[in-house]
Amino acid sequence: MVGGGQLFIEGASGIARSLGVSEAVIGLTLVAGGTSLPELATSIVAALKKNPEIAIGNAIGSNLFNIFLVLGSSATIVPMSMSGINNTDLLVLIAAGVLLWIFGAFFKKRIITRIEGGVLLGCYIIYIIYLLSLQ
């Protein structure tokens with residue numbers, strides 16, 4: 001799975017660069033998707049085996065780990081510029097977290113339903129379309 005993810009990222013990033021896609025969009029879409037394929041596979045298997053706690057914990061834990069440990073460690077070693085990331089990207093990140101919290105805390109007794117999952121997926125698709133429209 002790791003090798004497949006690596007091949008996906010290298011191939012898709014190379015194609016995107018040859019088409020003139022910005023590094024920020026490549027990072028926000030292709031690299032993020034490619035590095036999240038193992039988490040996606042784990043979450044799908046956990047959900048199919050009726051272990052939703054593992055699926056949710058995997059998704060949230062992975063994001064917290066990436067934001068706090070990976071980004072924090074990298075920035076400690078070499079200060080990083082956020083030149084390719086704008087306020088809209090940060091607002092989408094915050095909105096996704098708040099939406100997940102609202103769905104999990106207030107509706108259906110802490111269950112994220114298929115409809116709510118569809119809303120989250122729809123928001124992601126809209127965000128990707130928005131990013132691609134900026135190109």
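Mentor: Let's begin with burial: a residue is buried when its relative accessible area is under 20%, exposed when it is over 50%, and partly exposed in between, using a 1.4 Å probe and protein chains only. Here, buried residues make up 16% of the 135 residues in the chain. Keep in mind that this is a predicted model, where local features need pLDDT of at least 70, side-chain atom pairs count only at pLDDT 80 or more, and totals for chains, interfaces and linings use all residues. Residues are numbered from 1 along each chain as its sequence is written, and side-chain values use heavy atoms, with hydrogens and water left out.

Trainee: How many helices and strands are there in the chain?

Mentor: Helices (H or I, at least four residues) and strands (E, at least two) are DSSP runs, numbered from the N terminus. This chain has 5 helices and 0 strands. Its C-alpha trace spans about 45 × 35 × 30 Å along the principal axes.

Trainee: How do I describe two packed helices?

Mentor: You give the angle between their axes and the distance between the axes. The axes are lines fitted to C-alpha atoms, for helices over the stretch in contact, and angles run from 0 to 180 degrees between N-to-C directions. Take α2 (23-48) and α3 (52-77): their axes come within 7 Å and cross at roughly 160 degrees.

Trainee: What is the orientation of α2 and α3 to each other?

Mentor: Angles under 35 degrees count as roughly parallel, over 145 as roughly antiparallel, 65 to 115 as roughly perpendicular and the rest as oblique. α2 and α3 are therefore roughly antiparallel. On the α2 side, the contact (heavy atoms within 4.5 Å) is made by E39, T42, S43, A46 and A47, and α3 brings P52, I54, A55, N58, A59 and S62. Sorted by class, that contact has 6 nonpolar, 4 polar and 1 charged residues. For those classes, Ala, Val, Leu, Ile, Met, Phe, Trp, Tyr, Cys and Pro count as nonpolar, Asp, Glu, Lys and Arg as charged, and the others, Gly among them, as polar.

Trainee: And at what angle do α2 and α5 pack?

Mentor: About 155 degrees, with the axes of α2 and α5 (residues 114-133) 10 Å apart. That makes α2 and α5 roughly antiparallel to each other. V25, L28 and T29 of α2 meet Y124, Y127, I128, L131 and L132 of α5. The residues in this contact of α2 with α5 divide into 7 nonpolar, 1 polar and no charged.

Trainee: Now the loops. Is K50 buried or exposed?

Mentor: K50 is exposed, with a relative accessible area of 70%. You'll find K50 in the loop between α2 and α3. Check the backbone there too: K50 has a positive phi of about 60 degrees although it is not a glycine.

Trainee: Where is G84 found, and which residues does G84 touch?

Mentor: G84 is in the loop between α3 and α4 (87-106). Not counting residues up to four places away in sequence, G84 touches A24 and D89. G84 is partly exposed, at a relative accessible area of 39%. Its C-alpha atom is separated by 9.3 Å from that of G27, and G84 and G27 are 57 residues apart along the chain.

Trainee: What about T113?

Mentor: T113 lies in the loop between α4 and α5. With 24% relative accessibility, T113 counts as partly exposed. T113 and V70 are 43 residues apart along the chain, and their C-alpha atoms are separated by 31 Å.
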